[in-house]
Amino acid sequence: RVIAAYNKLFDLDHVDGVLADDFGVVVAPLLPLVKKQKRFLVAISLPHDRYCAEAPGYFYSATSQFTQSRPAFEEFFDLHPNIKSIALVIYDDPEWGNSYREIWNALAAARGVTVVETYLNNEWYPDFKTPLARIISKHPDAIFVAHEPEAFMKAIAQLKYQGAVVSANNV
């Protein structure tokens, strides 16, 4: 469907380019087509350093570079040395969510912080109450979130979690 919609925009609607506001699982499959057809595509969800070379001159990603967010998370741990356990709530996208998961797991391992649970979900607006209740029962000092913020914050407030909540840089 994504490829058909992409082609329709160029062939029937006669656009000059496409700005894609979607996750990597949708945009990444378009890259071979972009290169072959030499049609302009800008995305906000794929790491620039890994994908722009696949269709040079025709694909660009405006997303923040996930690896550049690492210093901010390092600073969080520096400012909060009492954080000894964390849980991760991740949108299971091969780029955005899992990029943060890799950074957070690496930082936790380097600092001797235990990851008590990793919740992966690819439903954009899930009911977080059940997984958050399970996570909170493990008493993490902080929950790191790379997922839809509105439903998450509503559920975390209802469950009266008292620890820190740390969000991905563009949530």
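Buried means under 20% relative accessible area, exposed over 50%, and partly exposed in between, with a 1.4 Å probe and protein chains only. This is a predicted model, in which local features need pLDDT of at least 70, side-chain atom pairs count only at pLDDT 80 or more, and totals for chains, interfaces and linings use all residues. Residues are numbered from 1 along each chain as its sequence is written, and side-chain values use heavy atoms, with hydrogens and water left out.

View A. Phe128 is buried, at a relative accessible area of 1%. Phe152 also counts as buried, at 1% relative accessibility. Rings of Phe, Tyr and Trp (its six-membered ring) pair if their centres lie within 6.5 Å; planes under 30 degrees apart are stacked, over 60 edge-to-face, and the rest tilted. Here the centres are 5.6 Å apart and the planes stand at 85°, so the pair of Phe128 and Phe152 is edge-to-face. Phe128 sits in the loop between S5 and H7, and Phe152 in helix H8, so the pair ties together parts 24 residues apart in sequence. Helices (H or I, at least four residues) and strands (E, at least two) are DSSP runs, numbered from the N terminus.

**View B. Phe73 meets Phe144.** The whole structure holds eleven aromatic pairs. In one of them, Phe73 and Phe144 have ring centres 6.3 Å apart and planes at 50°, so this pair is tilted. It links distant parts of the chain: Phe73 belongs to helix H5 (residues 70–79) and Phe144 to strand S6, 71 residues apart. What is the relative accessible area of Phe144? It is 0%, and Phe144 is buried. Phe73 is buried too, at 5%.

**View C. Helix H6 from end to end.** H6 (residues 96–111) has 16 residues. Its first and last C-alpha lie 23 Å apart, close to the 22 Å expected at 1.5 Å a residue. That expected span is 1.5 Å times one less than the number of residues. Buried residues of H6 include Trp96, Tyr100, Ile103, Trp104 and Leu107. Just after H6, Gly112 takes a positive phi of about 70°.

**View D. The buried side of helix H7.** In H7 (residues 129–136), Pro131, Leu132 and Ile135 are buried. They cover an arc of only 95° around the axis, which puts them on the same side of H7. The arc is that of the directions from the helix axis to the C-beta atoms. The buried residues of H7 pack against strands S4 (85–91), S5 (114–121) and S6 (142–146), and against helix H8 (149–158). Contact means heavy atoms within 4.5 Å.
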